[in-house]
Amino acid sequence: MSIDWTHFTPAASLVGGLLIGLASALFILANGRIAGISGILGGLLQTHANDVTWRLAFLLGLIFAPAVASLFIAPPVPTIDASTEVLVVAGLLVGIGTRYGGGCTSGHGICGLSRLSPRSLIATLAFMGSGMAMVFAMRHLLG
């Protein structure tokens with residue numbers, strides 16, 4: 001397999017990673033909370049009066065920030081080669097995995113690893129290993 005040089009964007013990826021890291025660090029310093037998306041979203045389902053505002057603001061920022069950015073730069077056009085049924089099953093499996101793993105890739109992979117959490121290291125390795133195994137199975141065993 002070779003690198004697709006047309007879509008190879010190390011500078012943009014580095015800047016994006018630095019911004020995510022900075023935002024996560026500022027979030028934990030300002031709020032004392034981990035910026036894990038599944039935990040933030042899940043917390044809305046079991047609301048406490050003082051938690052709703054910041055959780056909604058965080059999630060709305062995830063939705064509206066790309067819309068604002070698209071006013072200045074052309075958004076990428078994704079290509080999805082999976083059926084709706086496969087996407088629904090995949091989404092359910094991710095949801096189940098975040099419940100069993102005690103968080104999602106943003107919580108464990110970004111925030112947990114930066115805090116040197118052994119639990120997050122194991123969870124991230126499990127997430128990545130499962131993803132690699134599934135891609136291998138879909139491309140080489142079933143496809």
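This is a tutorial dialogue on reading features of a predicted model.

User: Where do I start: how many helices and strands does the protein have?

Analyst: The model is predicted, and its secondary structure comes to 6 helices and 0 strands. Along the sequence the pattern reads α-α-α-α-α-α. The C-alpha trace spans about 50 × 40 × 35 Å along its principal axes.

User: What share of the residues is buried, and what does the surface consist of?

Analyst: A residue is called buried when its relative accessible area is under 20%. By that cut-off, 16% of the 143 residues in the protein are buried. The protein exposes about 11,100 Å², and carbon and sulfur atoms supply 72% of that area.

User: How is the length of a helix checked, taking α3 as the case?

Analyst: The expected span is 1.5 Å times one less than the number of residues, and it is set against the distance between the end C-alpha atoms. Helix α3 covers residues 52–69, so its 18 residues should span 26 Å; the end C-alpha atoms are 26 Å apart, which agrees. Helix α4, residues 84–100, has 17 residues and should span 24 Å, and its end C-alpha atoms are 24 Å apart, in agreement.

User: Where is α3 kinked?

Analyst: The kink lies at Leu-62 and is about 30 degrees. Leu-62 comes shortly before the proline Pro-66.

User: Which residues of α3 are buried, and what covers them?

Analyst: Trp-54, Arg-55 and Leu-59 are buried in α3. Their cover includes α1 (10–31) and α2 (37–45). Two of these residues, Trp-54 and Leu-59, also belong to the largest nonpolar core.

User: Which residues make up that core?

Analyst: The largest nonpolar core has 6 residues: Phe-27, Ala-35, Ile-40, Trp-54, Leu-59 and Cys-111. To see the surroundings of one member, leave out residues up to four places away in sequence; Phe-27 then touches Gly-32, Arg-33, Ile-34, Ala-35, Ile-40, Trp-54 and Phe-58.

User: Cys-111 is in the core. How many disulfides does the structure have?

Analyst: A disulfide needs two cysteine sulfur atoms within 2.5 Å. The search of the whole structure finds 0 disulfides. For Cys-104 the nearest cysteine sulfur is that of Cys-111, 8.5 Å away, so Cys-104 is in no disulfide. Cys-111 is in no disulfide either, its nearest cysteine sulfur being that of Cys-104.

User: Are Cys-104 and Cys-111 buried or exposed?

Analyst: Cys-104 has a relative accessible area of 11% and is therefore buried. Cys-111, at 6%, is buried.

User: What about the residues of helix α5, such as Ser-106 and His-108?

Analyst: Ser-106 lies in α5 and counts as buried because its relative accessibility is 14%. Beyond four places in sequence, Ser-106 touches Ala-35, Gly-36, Ile-37 and Cys-111. His-108 is found in α5, residues 105–114, and is buried with a relative accessible area of 4%. With its neighbours within four places set aside, the contacts of His-108 include Gly-101, Gly-102, Gly-103, Arg-119, Ser-120, Ala-123, Thr-124 and Phe-127.

User: Which residues of α6 are buried, and what do they pack against?

Analyst: Ser-120, Ala-123, Thr-124 and Ala-137 are buried in α6. The buried residues of α6 pack against α5. Leu-121 is also found in α6, residues 118–141, but is partly exposed, with a relative accessible area of 43%.

User: Last, the backbone: what is the phi of Gly-102, and that of Leu-116?

Analyst: Most residues other than glycine have a negative phi. Gly-102, which follows α4, has a positive phi near 70 degrees. Leu-116 is not a glycine, yet its phi is positive, about 60 degrees. Leu-116 lies in the loop between α5 and α6 and counts as exposed, at 71% relative accessibility.

Key: Residues are numbered from 1 along each chain as its sequence is written. This is a predicted model: local features need pLDDT of at least 70, side-chain atom pairs count only at pLDDT 80 or more; totals for chains, interfaces and linings use all residues. Side-chain values use heavy atoms; hydrogens and water are left out. Helices (H or I, at least four residues) and strands (E, at least two) are DSSP runs, numbered from the N terminus. The bend at a residue is the angle between axes fitted to the seven residues ending there and the seven starting there. Buried means under 20% relative accessible area, exposed over 50%, partly exposed in between (1.4 Å probe, protein chains only). Contact means heavy atoms within 4.5 Å. Accessible areas come from the Shrake-Rupley method with a 1.4 Å probe; for residues, only the protein chains shown count as cover. A nonpolar core is a set of buried Ala, Val, Leu, Ile, Met, Phe, Trp, Tyr and Cys residues joined through side-chain atoms within 4.5 Å.
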